[in-house]
Amino acid sequence: MALELKNLYDDFRDAKTIKALAKLIEEEATKLDRDINIMEVCGGHTHTIMKYGLKQLMPNNIHFIHGPGCPVCVMPKERIDHAFVLAMQEDVILCTLGDMIKVPGSRGSLQDARANGADVRFVYSPLDVLKVAIENPDKKVIFFAIGFETTTPMTAALLEHTIKKELDNIYFHINHVTVPEVMQELIDSRDEHVDSYNNQIDAFIGPSHVSVISGAKIYSKFANQYKRPVAVSGFEPVDVMEGVLMIVRQFVQNRCELEIQYKRSVTMDGNLNAQKLIDRYFEKRGLFKWRGLGNVPNSALKLKDEYSKYDTEVIYSDILPKEEIEDHKLCICGDILRGMATPNECQVFGTACKPSSPLGSCMVSSEGACSAYYKYGSLL
Amino acid sequence: MKQKTVSLASGNGGAENRDLIEKVFFKHLGNEILARGEDASIVELKADGGCNVAFTTDSFTISPIFFSGGDIGKISVCGTCNDLAMMGANPKYLTLGVIIEEGFNVRDLEKIVRSIKKELEINGAIVVAGDTKVVPKGSVDKIFINTSGIGEPLVDGISASNLSEGDLIVVSRDIARHGASIFASREGIELENTIDSDCASLFPMVEAILNAGIKPVAMRDATRGGVSAVLNEWAVASDVCIEIEEAKVPVSQEVRGICEMLGFEPMSLANEGTFLLAVKKEDATKVVEILKNFEQNKDATIIGKVTSEYKKRVVLLSDWGTKRFLELPTGELLPRIC
Ligand code: SF4
């Protein structure tokens, strides 16, 4: 019994399998007539690639472009400032997920807010907010919701419970973003000031957990319309290696398709119940600003108008700061994310911009390209 | 320091913690002994060096105060005695300072004191001075304990700055139990098998090693900041590279499960009864053998070696031939969200 549990993790990190996949990729890659750049869209993949050193296993003509990373890194300062202001309200407990509390806005991070007396808590799951609210009936409990498609259904579930249980002290600040729209922005920006024509992205590794919810279908246009092969892959090293192999084979065989590596739980249509739950409470925002990329059309969600009494952006609209905060002038995250530059080409890389004091989104979390180069630079 | 207020990250045993210590405490209080940065300081009471003692102090604030595998009483003796043991010293006399929140349950207090007694006996140490303060509700979280201890150095020359190329790194048991156990109970994560903290006194093992005539190059218990903090400190202090074979580092399945779930690195989680040794190559097998004689150390093993490839850095080698740096943990320990 004990052994089986262990196998569950180890199968997907098995040295032999990883080495065998590396050999296959290398063999196939000799048949390529040019270099190919594969963007892993999600920070989870970047993390796997870095943690397991997969980059070192790639032949010279296969390159990774690290994508927009995680929902935490792409959160613009304006939104973090909102969280900061909300957290500093007398009667508020602000709850959020994971390392969101570390990321600095223009007034400081949520960690700083807490050091200044704010009640900021991190929860493992949005539903944990219910407990906080029930235990603190005289406080307003605000859930600062972040995440890709994967966490959105959980936020929707929290709202559903809030309504059903008639809790009147839970509020939301919604920052859910969606993956396909930002992928599109990277290869085909509609903003005339952005030069995306020279982007170097040849193929995508799509995050499997997003597709578990939304279905693999959300990526089909990248293969069909934009002619970029896509492999929807899991997060274990073996998954990522297999995803790369699938993509390389597509190039060798002159195919351009949407393929699913992560058949363990990804289907074309995804989880329809979760999608329904999302549609019940959320609608698209016109524009949402991504740190490092600027405004991206239709790339985020907000609460529908009929739920505005739960929406802190409505309730607190008087006190939430509205001024735009420019991304740092020297930051070239946008180019890095389009594969047009590498982090060490940035003037402030490693000097003014470091993981402990990030200027741009790519340095914010361990999943960003700049911070990966900073930490592992000499081993890449 | 740039920071205006102290944040929780400054107490994480990692980079921010070191920053706070260096930029505030060392700045004003620094001296030659403190600068050595060892777990316990070896001090001379007489000018002619005739009377050396190992001296250390530690404070304990832990939530929950009773956890699987120990309690705040046990840990407050282990912590200080282990710091002494890691310098090759025999823990002898402790002081005990207790700050109690008004309303604290007396039976709980007694339970804590009984654990203190039991743990003292294991170390062969006694409490020789004490202090108790009671503060109004809300001023502390239930109970805070400080212990200081002195011990008799049984060998000299054990130091974080003595590692040299060719030395081997040994870990005394499976890692990250304390951190994982506390996290699981604090967050109310239901587990099939509870994880016991590794909280334990280390002097008996150190004594056995010394009695076998072996003098370790360095020893350190991997408390806050975990194995990764110890290795990074050694690499910097000795100006060497430490290469660790990741697959050899023992981690129990339960602990690995929690780490998978929350996105933690076992190497960065705290331990309270697990230590690392840097030893001369020829001593390594013997040290592992001695450790294995202790029930809880059956997983003791050699996990890496000292080289000179990337000075001041710790490198993790994977089974499939890749490598990466093992970083000093930074920030408050938080789960990754994706
Ligand atoms: S190093 Fe910093 S400023 Fe430069 S591109 Fe990366 S994140 Fe932006």
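This is a predicted model: local features need pLDDT of at least 70, side-chain atom pairs count only at pLDDT 80 or more; totals for chains, interfaces and linings use all residues.
**Exercise 1. Two helices of chain B**

Solution. 
Step 1. Locate the helices: α5 covers residues 177–186 of chain B, and α8 covers residues 253–262 of chain B.
Step 2. Take the geometry. The two axes lie 10 Å apart, and the packing angle is about 60°.
Step 3. From α5(B) they are B:Arg177, B:Ala180, B:Phe183 and B:Ala184, and from α8(B) they are B:Glu254, B:Val255, B:Ile258 and B:Leu262.
Step 4. Sort them by class: six are nonpolar, two are charged and none is polar.

**Exercise 2. A helix pair of chain A**

Work out the arrangement of α7(A) and α12(A), and list the residues through which they meet.

Solution. 
Step 1. In chain A, α7 runs over residues 152–164 and α12 over residues 272–281.
Step 2. The axes are 9 Å apart, at an angle of about 60°. That angle makes α7(A) oblique to α12(A).
Step 3. α7(A) passes α12(A) in a left-handed crossing.
Step 4. The α7(A) side supplies A:Thr152, A:Pro153, A:Ala156, A:Ala157, A:Leu159, A:Glu160 and A:Ile163. The α12(A) side supplies A:Ala274, A:Leu277, A:Ile278, A:Arg280 and A:Tyr281.
Step 5. By class, nine of the contact residues are nonpolar, one is polar and two are charged.

**Exercise 3. Domains of chain A**

List the domains assigned to chain A, and describe the contact between domain 1 and domain 2.

Solution. 
Step 1. The assignment places residues 15–65 + 196–256 in domain 1, 77–176 + 271–315 in domain 2 and 333–379 in domain 3.
Step 2. Taken over C-alpha atoms, the centres of domain 1 and domain 2 of chain A are separated by 32 Å.
Step 3. Seven residues of domain 1 and eight residues of domain 2 take part in the contact.
Step 4. About 620 Å² is buried between these two domains of chain A, and carbon and sulfur atoms give 65% of that area.
Step 5. On the domain 1 side of chain A, A:His209, A:Val210 and A:Ile213 lose the most area, together 66% of what that side buries.

**Exercise 4. Domains of chain B**

How many residues does each domain of chain B bring to the contact between domain 1 and domain 2? Describe that interface.

Solution. 
Step 1. In chain B, domain 1 is assigned to residues 31–153 and domain 2 to residues 168–325.
Step 2. Their centres, taken over C-alpha atoms, are 23 Å apart.
Step 3. Domain 1 of chain B brings 23 residues to the contact and domain 2 brings 22 residues.
Step 4. The buried area is about 1,800 Å², with 55% from carbon and sulfur atoms.
Step 5. Within domain 1 of chain B, B:Ser68, B:Asn82 and B:Met86 lose the most area to domain 2, together 31% of what that side buries.

**Exercise 5. Single residues**

Where is B:Val128 placed, and which backbone features are found at B:Pro64 and A:Lys227?

Solution. 
Step 1. B:Val128 is in strand β6 of chain B, residues 126–135. Leaving aside neighbours within four places in sequence, B:Val128 is in contact with B:Tyr93 and B:Leu94.
Step 2. B:Pro64 sits in the loop between β2 (52–60) and β3 (66–67) of chain B. The peptide bond from B:Ser63 to B:Pro64 is cis, with omega near 0°.
Step 3. A:Lys227 lies in the loop between α10 (220–224) and β8 (230–233) of chain A. Phi of A:Lys227 is near 60°, a positive value in a residue other than glycine.

Definitions and conventions:
Residues are numbered from 1 along each chain as its sequence is written. Chains are lettered from A and ligands numbered from 1 in the order in which they are written. Side-chain values use heavy atoms; hydrogens and water are left out. Axes are lines fitted to C-alpha atoms, for helices over the stretch in contact, and angles run from 0 to 180 degrees between N-to-C directions. Helices (H or I, at least four residues) and strands (E, at least two) are DSSP runs, numbered from the N terminus. Contact means heavy atoms within 4.5 Å. Ala, Val, Leu, Ile, Met, Phe, Trp, Tyr, Cys and Pro count as nonpolar, Asp, Glu, Lys and Arg as charged, and the others, Gly among them, as polar. Domain bounds come from an automatic or database domain assignment. Buried area is the accessible area (1.4 Å probe) that two parts lose on being put together, summed over both. Angles under 35 degrees count as roughly parallel, over 145 as roughly antiparallel, 65 to 115 as roughly perpendicular and the rest as oblique. A crossing is left-handed if the near helix is turned anticlockwise from the far one by less than a right angle, and right-handed if clockwise.
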